[in-house]
Amino acid sequence: MAEVREFEFQIYNSMTKQKEKFKPIVPGKVSMYVCGVTSYDFSHIGHARAYIAFDVLFRYLKHLGYEVKYVRNFTDVDDKIIKRANEIGEDPLVLSSRFCQEFLTDMADLQCLTPDEQPRVSDHMNQIRDMIQKIIDNNCAYVVDGDVYFSVDNFPNYGRLSGRKLEDNRAGERIAVDSRKRNPADFALWKAAKPGEISWDSPWGPGRPGWHIECSAMSVTYLTETFDIHGGGMDLIFPHHENEIAQSCAACPNSNINYWMHNGFVTANDEKMSKSIGNFFTIREVTKLYHPLALRHFLMGTHYRSPVNYSIAQIEISSEAVYYIYQTLEDCGSAISQFQEEIKTSVKKFVITDDVKNCIKNLRSHFEEKLSDDLHTPTILNAALQDALRLMNKILSMLKKKLQKPQKLSNTESLIQLEKEVRDVLDVLGLLSSLTYNEVLKQLKGKALIRAELTEEDVLQRIEDRALARKNKDFKLGDQIRSDLTSKGIALMDVGSETIWRPCVPVEPAISSDGHLPGQPDTSDSQQPSLSRRYTTRVIAEEPGVELGSIGTGTRLGPKNEANGFKITWIGFELLEFVYIVAMTVSWIQNG
Ligand SMILES: [Zn+2]
């Protein structure tokens, strides 16, 4: 067993409604169960948010030295799956299996680690039937015409997670409330098969499980009746998790889960994303235009319990931030490679400066302090990590100057140590790709071209056109070409005599003639958010009820790239800062 670091890791427990020191049941080991998706369609960014949040938890627990068993289920038997399968004439299990696979592809793209177990309902009918039988035997469920209902009246603790009273229970939402129920709040454990519907045999007749029972049965199968952490979206607190507790305790009175964790919603225009409102984006739709790491960065830029307002502006900023991280690491890698052999073979120890030592120390302590505070990812992304990246760029810049060999080697040693520390942090945050830095940069550029609806050749042609215009002293045309590209998210940079390009946050005129903020949705279609590059207000979402100081995502817009030792002019940078400040101000006013 790996040694677990003695660290005060605080988790907000939805059951006790407070932060608590995390203490696992078995020292050194953690068992966690997270409710998975109902696989009948592509997953949306609300799902991405939930599974990234619990992936950070999974990674951090491992980082602390725990041996973690992570179980996340697939609901592959459900009303919605059957309905969709009937609509398109496909076998429901084939359809759900297909979307389980699509979900796994999304999770891999978003760098969510694979859970240890990913059980599916259709593979666990025996465990589900056994548990229902136990609940009936313990007098907490009854059979009516092939259906089995949980009897909430026979379970006195019902409502302890959600704090709801029985009369509030709208368990009937998923099935029509019928008079055969003893209490309208009773919910189905087993549903008798309708003609032509997929079904499994049971002592109560052919049918299929109700929604909630699967998680009780599968968690006990893989983690026993007592385990450490149960997670899911806030919308699952009631009725799903409330009913899970009732079922598990009714089947086994010793059943206990110590920490309940729930992530907040993703909203669009401050409304919860939902298909019925049409403010709904799949992960695929977003990752077609933005790198999955940008989406991950964006979602981690808000504390996991706060709502995240989906905003193109924020994803643009996250995309920029990810580019900055990888460009810094790439430059760092090139610089290190020049002297690595010399450092390795040298008998002399190279001293690193106090600046570097402090930066590393701060990054490490800040990182653990913030993640241990109920997984506070936003402050890590914005503060200590940025300080380290900035220092790396400063050193890279110094390395380009004429230095004595020992100074060069000391600076390189500093970069080696900083890079290692930054990689460790990125790894725990799930932002470290298995690809090379350069490959990630290429992917980010590829997405920027897709968003700009340009090819690389188009951009190179415009660079050439601009050079020609400047040669002919037509600076107006030259500037126009550059600003046209900048408005499409392509920044041109003059490096020495050469012009190169990189993605940037698209810059529109600071204040348009009609007085709108750049990219603010026109009132004509503000009800219809789209994936086009339309800016919405920057929303500052922070941990509920906690300090509002350290906020948002990558505020380090457009860092000047000094790594190559050339002064790089980045037109639009100041403009961008201005845009950002205006958007922030508006947002602060709107959010009180
Ligand atoms: Zn569940």
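Predicted model: local features only at pLDDT ≥ 70, side-chain atom pairs only at ≥ 80, totals over all residues.
Visitor: What is the strand order of the open sheet of four strands with antiparallel pairing?
Guide: Residues are numbered from 1 along each chain as its sequence is written. Strands (E, at least two residues) and helices (H or I, at least four) are DSSP runs numbered from the N terminus, and two strands pair if DSSP finds at least two bridges between them. On that basis, the antiparallel sheet has the order 5-6-7-8.

Visitor: Which residue of strand 6 stands opposite Ala 141?
Guide: Strand 5 and strand 6 run antiparallel and are joined by four bridges. Across this pairing, the residue opposite Ala 141 is Phe 150.

Visitor: Why does Asp 145 count as exposed?
Guide: Asp 145 lies in the loop between strand 5 and strand 6 (147-150), and its phi is positive, near 45°, although it is not a glycine. A residue is buried if 20 or more other C-beta atoms, placed from the backbone, lie within 10 Å of its own, exposed if 12 or fewer do, and partly exposed in between. Asp 145 counts as exposed because the number of its C-beta neighbours inside 10 Å is 9.

Visitor: What is the value of phi at Asn 139?
Guide: Most residues other than glycine have a negative phi. Asn 139, in the loop between helix 4 (125-137) and strand 5 (141-144), counts as exposed because it has 11 C-beta neighbours inside 10 Å. Its phi is positive, near 70°.

Visitor: Which residue of strand 10 stands opposite Phe 227?
Guide: Strand 9 (residues 226-233) and strand 10 run parallel and are joined by seven bridges. The residue of strand 10 opposite Phe 227 is Ile 257.

Visitor: On which residue is the kink in helix 9 centred?
Guide: Helix 9 has 34 residues and reaches 49 Å from first to last C-alpha, close to the 50 Å expected at 1.5 Å a residue; the expected span is 1.5 Å times one less than the number of residues. The bend at a residue is the angle between axes fitted to the seven residues ending there and the seven starting there. The kink amounts to about 50° and is centred on Phe 339.

Visitor: Which residue follows helix 13 with a positive phi?
Guide: Helix 13 (residues 405-429) has 25 residues and reaches 36 Å, close to the 36 Å expected. Its buried residues include Leu 415, Leu 418, Val 422 and Val 425. Among the elements covering the buried residues are helix 1 (45-63), helix 9 (312-345) and helix 10 (354-371). The residue that follows the helix, with phi near 75°, is Gly 430.

Visitor: What separates the C-alpha atoms of Thr 267 and Pro 307?
Guide: Thr 267 lies in strand 11 (residues 266-268) and counts as partly exposed because it has 19 C-beta neighbours inside 10 Å. Beyond four places in sequence, it touches (C-beta atoms placed from the backbone, within 7 Å) residues including Lys 272, Pro 307 and Tyr 310. Thr 267 and Pro 307 are 40 residues apart along the chain, yet their C-alpha atoms are separated by 6.7 Å.

Visitor: Which residue takes a positive phi in the hairpin of strand 14 and strand 15?
Guide: Strand 14 (residues 490-495) and strand 15 (residues 498-503) pair in the antiparallel sense over six bridges, with Asp 494 opposite Thr 499. Two residues lie between the strands, and the one with a positive phi near 60° is Gly 496.

Terms used
Contact = placed C-beta atoms within 7 Å.
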